[in-house]
Amino acid sequence: MLKFYGYKKCDTCRKAEKFLQEAGINYEFVDITENPPTAEELAAITERANVSLHKLFNTSGVQYRELKIKVRLPALSQREILALLASSGRLIKRPLVTDGKRATVGFNAEQFAAVWR
């Protein structure tokens with residue numbers, strides 16, 4: 001079963017959910033703002049999705065700008081980045097989707113079709 005970390009008010013998450021529903025793919029929805037993934041889960045997702053840790057940041061989010069993450073990021077260690085992301089789901093790009101073996105970050109219909117169909 002897929003685990004879908006998203007936010008109900010996020011347009012991108014709604015598009016991703018619609019894609020999965022129309023494809024008949026079952027998933028468990030987890031509100032990323034209330035229950036963000038742990039640092040360990042985030043590390044595994046980056047590995048499974050084959051993306052850099054920096055790609056997990058929601059760079060268009062208010063919290064990203066308020067905390068000046070762009071300026072701070074180069075000086076942060078991998079462990080510090082993971083801890084920061086795990087501390088607030090609003091910092092994380094969404095949706096995050098994983099089945100424990102594969103993962104996707106964000107929504108791209110072609111990527112979803114290739115990975116989840």
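Predicted model: local features only at pLDDT ≥ 70, side-chain atom pairs only at ≥ 80, totals over all residues.
Helices (H or I, at least four residues) and strands (E, at least two) are DSSP runs, numbered from the N terminus. Residues are numbered from 1 along each chain as its sequence is written.

**Stop 1: helix α1**

Select residues 11-22. This is α1, with twelve residues. From first C-alpha to last, α1 reaches 16 Å, close to the 16 Å expected at 1.5 Å a residue. The expected span is 1.5 Å times one less than the number of residues.

Now color C13, A16, E17, F19 and L20. These residues of α1 are buried (under 20% relative accessible area; exposed is over 50%, partly exposed in between, with a 1.4 Å probe and protein chains only). Look down the axis of α1: the buried residues fall within an arc of 155 degrees, so they line one face of the helix. The arc is taken over the directions from the helix axis to the C-beta atoms.

Turn to the face pointing away from the buried side. Here α1 carries the exposed residues K15, Q21 and E22.

**Stop 2**

Select C10 and C13. The structure holds zero disulfides (a disulfide is a pair of cysteine sulfur atoms within 2.5 Å). C10 is in none, and its nearest cysteine sulfur, that of C13, is 3.4 Å away. C10 is buried, at 10% relative accessible area. C13 is buried too, at 0%.

**Stop 2: the nonpolar core**

Show L20, F57, L85, L96 and W116. They have the most contacts inside the largest nonpolar core, which has 36 residues. Such a core is a set of buried Ala, Val, Leu, Ile, Met, Phe, Trp, Tyr and Cys residues joined through side-chain atoms within 4.5 Å. Elements that each supply at least two residues of this core include α2 (39-49), α5 (78-87), β3 (96-98) and β4 (103-105).

Center on L85. Leaving aside neighbours within four places in sequence, L85 is in contact with L42, L53, L56, F57, L91 and I92. Contact means heavy atoms within 4.5 Å.

**Stop 3: T98**

Move to T98 in strand β3. T98 is buried, with a relative accessible area of 9%. Its side chain reaches the backbone nitrogen of G100 at 3.1 Å. A polar atom of the T98 side chain also lies 2.9 Å from the backbone oxygen of R102. Beyond four places in sequence, the contacts of T98 include M1, I45, R48 and W116.

**Stop 4: helix α6**

Finish at α6. Start with N108, which caps the N-terminal end: a side-chain oxygen lies 2.9 Å from the backbone nitrogen of E110.

Which residues of α6 are buried? Select F112, V115 and W116. Down the axis of α6, they fall within an arc of 75 degrees, so they line one face of the helix. They pack against β1, α1, β3 and β4. On the face turned away, find the exposed residues E110 and A114.

Definitions and conventions: Heavy atoms only, no water. Polar contact = N/O pair within 3.5 Å; in protein donor to acceptor, adjacent residues only side chain to side chain.
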